[in-house]
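I am opening a notebook on a structure that is new to me. The entries below record what I looked up.

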Protein chains: 4
Amino acid sequence: MTAGRRIPLAFVGGGRRSLIGGVHRAAAALSERFALKGGVFGTDPARERARAHALGLDERRIHADLPALFASERALPPGECIEAIAVLTPNHLHFEQVLGALRAGLHVICEKPFTVTAGQADELARVAVANDRLVCVAHTYTGYPMVRQMRALIAAGAIGTVQKIDARYYQGWINPALQDAGSRAAIWRLDPARSGPSCCYGDIGVHAFDLVEYTTGLRVQRVLADLRAMPGAGGLDIDGTTLLRTADGVPGVLRASQVATGEENSVGIAVYGSRGALKWSHDAPAQLIHLREDAPMRVFTPGHAFNEALGRGASQLPPGHPQGLVEAMANLYRGFADALDGDDGAHERFRGIEAGVRGMRFLEAVTESNRGGSVWTEIRE
Amino acid sequence: MTAGRRIPLAFVGGGRRSLIGGVHRAAAALSERFALKGGVFGTDPARERARAHALGLDERRIHADLPALFASERALPPGECIEAIAVLTPNHLHFEQVLGALRAGLHVICEKPFTVTAGQADELARVAVANDRLVCVAHTYTGYPMVRQMRALIAAGAIGTVQKIDARYYQGWINPALQDAGSRAAIWRLDPARSGPSCCYGDIGVHAFDLVEYTTGLRVQRVLADLRAMPGAGGLDIDGTTLLRTADGVPGVLRASQVATGEENSVGIAVYGSRGALKWSHDAPAQLIHLREDAPMRVFTPGHAFNEALGRGASQLPPGHPQGLVEAMANLYRGFADALDGDDGAHERFRGIEAGVRGMRFLEAVTESNRGGSVWTEIRE
Amino acid sequence: MTAGRRIPLAFVGGGRRSLIGGVHRAAAALSERFALKGGVFGTDPARERARAHALGLDERRIHADLPALFASERALPPGECIEAIAVLTPNHLHFEQVLGALRAGLHVICEKPFTVTAGQADELARVAVANDRLVCVAHTYTGYPMVRQMRALIAAGAIGTVQKIDARYYQGWINPALQDAGSRAAIWRLDPARSGPSCCYGDIGVHAFDLVEYTTGLRVQRVLADLRAMPGAGGLDIDGTTLLRTADGVPGVLRASQVATGEENSVGIAVYGSRGALKWSHDAPAQLIHLREDAPMRVFTPGHAFNEALGRGASQLPPGHPQGLVEAMANLYRGFADALDGDDGAHERFRGIEAGVRGMRFLEAVTESNRGGSVWTEIRE
Amino acid sequence: MTAGRRIPLAFVGGGRRSLIGGVHRAAAALSERFALKGGVFGTDPARERARAHALGLDERRIHADLPALFASERALPPGECIEAIAVLTPNHLHFEQVLGALRAGLHVICEKPFTVTAGQADELARVAVANDRLVCVAHTYTGYPMVRQMRALIAAGAIGTVQKIDARYYQGWINPALQDAGSRAAIWRLDPARSGPSCCYGDIGVHAFDLVEYTTGLRVQRVLADLRAMPGAGGLDIDGTTLLRTADGVPGVLRASQVATGEENSVGIAVYGSRGALKWSHDAPAQLIHLREDAPMRVFTPGHAFNEALGRGASQLPPGHPQGLVEAMANLYRGFADALDGDDGAHERFRGIEAGVRGMRFLEAVTESNRGGSVWTEIRE
């Protein structure tokens, strides 16, 4: 019985000053399903040895580039060598790194946006299938217990037929940098060469989009986008509202902004149905609000036996014990580990390469719609 | 010194089963600036006499139609005869009634939407000027102390330059009726003959629009609307998202829905500026949230000496004494009374005919944009 | 059919600068069941005539003292002369004024604390019975729709057997005055000669106590109080916690403070039962929280058809239309009017003289417990 | 430079079904300052080997009792052998186990309540000093960033002189068990032989007490307790309110209940000062509310550069990234690790043996006060 075994894992990126590196390291540890064994963190050998020590890693498994990592690990016995790699580098590097990892026979956890172009995502999907490898795209918010509860309740018909979708990701931390060239230069997301063709939608809009498709189980078919660049943002979008229409004709709106001054990571989604509504916001991530016309508002919280199985399984603690972003990410790691160990049901508990492809095609359509002057544009199927 | 005198007032509409009639009656009483003296409530003489008694009115001042009311009041001595009339009837009647009242030399308080077409609103504006009469359009939400505080803070530069506007009016009460022809028939708003060309935008969208222009002091120049009718709604819009652009190029989004199942009267506005943001929601009307990147969130509440004058003046009670919709409406009545008594500063404390005209031109542009397939459309200046 | 008739009413106190005068005037008007006709507001004849004009009153019905008011009204025909009087003066005047009014055949609405001593309350109760007059004590918070919903749900068994009670009234507005002799002198509540033997418990503690008995339907039998005076408070309590025990042995705690710096009028109550709990707070008066172990939290709001009759009847508006303190007070006025017109069921919709007597006996026991060094003390039956 | 080194750690208790075991394991991993190397988890050898595997531990370092663990570890070279042990067993075992560990030269992390009697805590304090070992008592809530921010703000004078303290720990999960003997038996906290002389105060009351002394920096001098046992609770207190008085005469109230049906882990504290107030609640752990009379309410959140150093240091993530209970516990582990590595300033970042002693003396005084019929009782100095 392999359930619970710790899958050997490496990182590329996620080094010393990386926020996301710390989150993934913590999530892997919390999951108790992966064991970080090595990686490619940087190029300064002395600093890397210090890091190895600080992280409790064997310094021989820390390398200066991916080919060296792959070669070195391949030489280790099965059960010891890494089976998966987490790609935590800036966006423009994802494609080559994921491609290399898949070809090296590794499963991949990749930060979002998955790639720079939708074509790259298509290509990686083909390679993953060809190599029989799995990919997990780090749409962290889908790891929150109440987001999973929301998906399960909608699937169970708790709100009837979906009538209206309203998703949002507002934040403001980039705003001060836009007024200050110095701090701006330190933000790679504002550099098109590293960020790709989109800042706001690539960084946060895709999260909101993924929440729409994950919670409703519906497919967005068309978009109409009104994006906005700002001086200092290298021509990249920094804000934008997108109208949505699902394949079934359900209207929606997706609002994203990085100049929502003072907002922290205010991502959320409301889905209104013929018989009720469900609302979740990262501002109070342990609450799932259920509205109806014929009964008082209900508020679901994690840890209760009466929650849906999908929501219940995402909480490691009893009710009233706050869990945060790292726990949400750990839930993705757990789901991915289960899938790697052959549990087909686990595919609902992480976001696979299909979500990465969908996100990139959404970005493609949004960009095209905006370029055309805010016209309805199909998401490529 | 006339401050505090009670201005004689009549109603047209707002009868026995009218919600809005009760709100206006209460607001007029609370304001202590108007005295309801008579009106046209219905056509059954016996019922009207009973009403006169119940409302403490002289039954001789209750009439079956406006011409009779006007004639009868004109015969009374100045100081006794009505000086103003509140028009509380379904939308399609507003134009003729307001026109008649203005020509009869009365000032007018009118429910929204002001008229059925923008052309009617233009015409009324001309007649009001020609007759030197004032009009107050019942954009009640602008009467809340914290909405006024928001306007004052933005005007004072508290959030710097406006970068982004997000307004909303979500409600769900019509939703059950859409599935039931019987209850549907009882809702005049779902009947195009009485409601005019718009349901959702005419009834609630204009409120959100008015909040945008009232709180920011900016003018919306262009809109792109995506409206949606639903079976059972007589072809009228029941939901819709509208993209906004102000004359200065500030982007915005206005979301309105009457199928936001379970929402009560969830109207609100968030304005993000270069140095901070302000957010208000009717769900917690006594709170005005002030976000900044460089300081903790602040929450303004009514009644404090440190509030801006405009916000301070809208609260009749010390901090911690909840005030509701009727008090907000009473603030409009107070502002209107002050304006009638010659206080020029009072025009910031009620919504005049300009707001009515703006609202109708917004509706006109929204309808046209939507009809054209969601294209950017200018609001007529 | 007298339902809906407007009962002629006078005020004693509640003059020009009185907060509570404005609240009662607005509540009487909103109720549409009382008509303010006259009163004793002050002693300067010119100022009183100006007031009469501002309030739309006949200046002949404004008097300099109660005997003059009573005599003058008695001379008017039935249906015109006042039937009730609202006593809005500082505490030390209540006893004589209520006594006089009852003996003059008037019904009485009286601010709290009802009297200065429990003996006075007992005496007034005897006189009221002897004269067959009704008294309404202004425990305003019992007029909020969700407080009434709470009472009805507990009575209906929604939370099982009550196990624990936690009531609170925290406010901070007096705090700054304690540090400043000048502003202190202007607060009559800090003057024992006018306030009576208690400041914090007399002014706000009794409200919390009344909420306990109103919502649970239980009787508090014993108290243990720990009160605290502060320099500048004239020896009066300004803060205190009281342990409670009901006749059935249910424990409780009542927390009151006027030095809870920054709190506005944070009165609230939580009642925990064997099967659930209900919580209400004035900080969000339109929400009643219902907790259970075996189901998600529910939040009741006013205006819904599924609310209990008692809660439903306290809301004049549909869901989502905020109602405040004045509306709560108006609900007491409505209940009192119905009782005056013979509706026995109305006694659940205002707080009668029994509540006034209970409040004073609670104050008596609290004061005695504290004087004895915080010992368990019976509330006199 | 040893900062960042991973200190070898063992567990006693915290086995398969243990909630708290999982929390400590996750916290140690998240802290990146401790490495779990072995322990005493249970007595079934086969099961223990399986566990070793699942936790990635060397099965030779898993033992059936503490003497075996100590002997085995002592044989390992410095830098490899454990330096600390986390005691996660039921209360009645703490004393012997901590004593053994201290004498074996280990530092100790211990769950609360620290011991069963105050005398035991005194004894352990003496032994710790004699052996020059440090102890960390797991008062997890002091690890939340906003609790630390609260302490720092009060110390910096942000609210002036403390006037009033209100602490609370309400939960309801035991409530259903009280009505059901079967599930009751599974809860060791309801068994006096394992739980010690107190259930509610030992398990959760001490948390609230520790928050009082941690956030205010004041010492509680006297208590007056009103505890309540319930049928099914083995004579143990299941609910109780305690009046507090600090050495400076500041009044306070501490409310604890395990029959607060439907509450999850609603622990919180409000401290009112002469110039402002601070409030924190576990129900929204990322918010610290700052009230003042002369300015709008402010809400501090973690991750901001403008936070106090103590609060800032407790957040590993930027603003808007929720952190939960495990992160709070990890902060204690980090502070403890820093202290073990000689950082004197770290003693503000975990709760040492002094907090354990204070908690037990508080329990001693509470129990005595209650036994005496709720009389003021000194906490032994």
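I began with helix H13 of chain A, residues 353-371, which has 19 residues and reaches 27 Å from its first C-alpha to its last, close to the 27 Å expected at 1.5 Å a residue. The expected span is 1.5 Å times one less than the number of residues. Helices (H or I, at least four residues) and strands (E, at least two) are DSSP runs, numbered from the N terminus.

I note that the model is predicted: local features need pLDDT of at least 70, side-chain atom pairs count only at pLDDT 80 or more, and totals for chains, interfaces and linings use all residues. Residues are numbered from 1 along each chain as its sequence is written, while chains are lettered from A and ligands numbered from 1 in the order in which they are written.

Next I checked burial (buried: 20 or more other C-beta atoms within 10 Å of the residue's own, with C-beta atoms placed from the backbone). In H13(A), 16 of the 19 residues are buried, so the helix is largely enclosed by the rest of the structure. A:Gly373, which follows H13(A), has a positive phi, near 90 degrees.

I then turned to chains A and B, where 32 residues of chain A are in contact with 32 residues of chain B (contact: C-beta atoms, placed from the backbone, within 7 Å). On the chain A side, E9(A) gives the largest share, 4 residues.

Last, I compared chains B and C. A rotation of 180 degrees with 0.0 Å of shift along its axis superposes chain B on chain C, with RMSD 0.1 Å, by least squares on the C-alpha atoms of residues with pLDDT of at least 70 in both. The two copies are thus related as by a two-fold rotation axis.

Key. Contact = placed C-beta atoms within 7 Å. Buried ≥ 20, exposed ≤ 12 C-beta atoms within 10 Å, placed from the backbone.
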